Amino acid sequence: MNRPPSCGSRSGPGGAHSGGNAWATNLAGNYGDNEDGFVVSPDIDLGAYAGQTLFPSWWQWLQTEAGWDFADLQASKDGGVSWSTVYGPVSGDVDLNWGQQLVRIEPSYAVDDFQVRFHINPDSVGTLTGWYLDDVGVQAGECLPMPGG
């Protein structure tokens, strides 16, 4: 199978979604071949929300080599001992403008040592700009704000 050439280094969105800081696979250029990178949250105490549906949310700018390099969000309800994929894997031009993501996960994740980790897993040849993240949080319950509100 022929693969498209890498588009070279870019600066992604050019700034954070809000404020002055964002996390990125590489703020100065493309992510690395075979990177298998993670950013992991600290333990988040969600025990007070037992029985409620949870919604991890974040803003992202995401571009990977379509069909070859993948990104996913994983969640843990045992302090990082085990992980389940709750978003993705996704690949390609996913969000080339800041886009908000919201994922519904089951109430069993409402524990005192909940964690999320953002994972990027490229192959060994060709990279693009990568994954930029901002405004990460977790909401509980079924009542969510409406877009624009």
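**Entry 1: Pro13**

In which segment is Pro13 found? I looked this up in a predicted model, and Pro13 is found in the segment before strand E1 (23-24).

**Entry 2: the chain as a whole**

I next turned to secondary structure. The chain has eight strands and zero helices, and I read its pattern along the sequence as β-β-β-β-β-β-β-β.

How much of the chain do buried residues make up? I recorded 39% of the 149 residues. I also looked at contacts with a separation of 6 or more, of which 84% are accounted for by residues 24 or more positions apart.

**Entry 3: the nonpolar core**

Which residues have the most contacts inside the largest nonpolar core? I found Trp58, Tyr87, Phe114, Phe118 and Trp131, in a core of 18 residues. Among the strands, E3 (54-63), E4 (70-76), E5 (84-90), E7 (115-121) and E8 (130-140) each supply at least two residues of this core.

I followed Phe114 in more detail. Not counting residues up to four places away in sequence, Phe114 touches Pro42, Asp43, Ile44, Leu46, Pro56, Ala75, Ser76, Ile105, Tyr109 and Val138.

**Entry 4: the cavity**

How many cavities of 30 Å³ or more does a search of the whole structure find? I noted one. The largest cavity holds about 30 Å³ of space.

I wrote down its lining as Pro56, Ser57, Trp58, Leu73, Val116, Phe118, Val136, Gly137 and Val138. Two of these lining residues, Trp58 and Phe118, are also named among those with the most contacts inside the largest nonpolar core. Likewise, Pro56 and Val138 belong to the lining and are touched by Phe114.

Strands E3, E7 and E8 each supply at least two residues of the lining. I sorted the lining by class and found seven nonpolar residues, two polar ones and no charged ones.

**Entry 5: the salt bridge**

I searched for salt bridges, and the count comes to one. Which side chains meet in it? They are those of Lys77 and Glu106, at 3.5 Å from N to O. Lys77 lies in the loop between E4 and E5, and Glu106 lies in the loop between strand E6 (93-102) and E7, so the pair ties together parts that are 29 residues apart in sequence. In general, side chains of opposite charge can pair when their charged atoms come close.

I checked the accessibility of both partners. Lys77 is partly exposed at a relative accessible area of 35%, and Glu106 is partly exposed at 44%.

**Entry 6: backbone details**

Which residues does a cis peptide bond join? I found Gly88 and Pro89, with omega at about 10°. Pro89 is found in strand E5.

I then looked at phi angles. Asn34 is not a glycine, yet its phi is positive, at about 55°. Asp36, which is not a glycine either, has a positive phi of about 45°.

Where are these two residues found? I placed Asn34 in the loop between E1 and strand E2 (37-40), and Asp36 is found in the loop between E1 and E2 as well. Asn34 is exposed, with a relative accessible area of 51%, whereas Asp36 is partly exposed, with 39%.

**Entry 7: Gly67**

My last entry concerns Gly67, which lies in the loop between E3 and E4. Is Gly67 buried or exposed? I noted a relative accessible area of 52%, so Gly67 is exposed. I also checked Gly67 against Val90, which is 23 residues away along the chain, and their C-alpha atoms are separated by 8.7 Å.

Terms used. Residues numbered from 1 in each chain as written. Predicted model: local features only at pLDDT ≥ 70, side-chain atom pairs only at ≥ 80, totals over all residues. Heavy atoms only, no water. 1 Å grid on protein atoms, 1.4 Å probe; cavity = no way out; pocket = protein on both sides within 12 Å on 5 of 7 lines; lining within 4 Å. Points joined across faces, edges and corners; volume = space filled by probe spheres on them. Helix = DSSP H or I, 4+ residues; strand = E, 2+ residues; numbered from the N terminus. Nonpolar A, V, L, I, M, F, W, Y, C, P; charged D, E, K, R; others polar. Core = buried A, V, L, I, M, F, W, Y, C linked by side-chain atoms within 4.5 Å. Buried < 20%, exposed > 50% of the residue type's maximum accessible area, 1.4 Å probe, protein only. Contact = heavy atoms within 4.5 Å. Salt bridge = Lys/Arg side-chain N within 4 Å of Asp/Glu carboxyl O.
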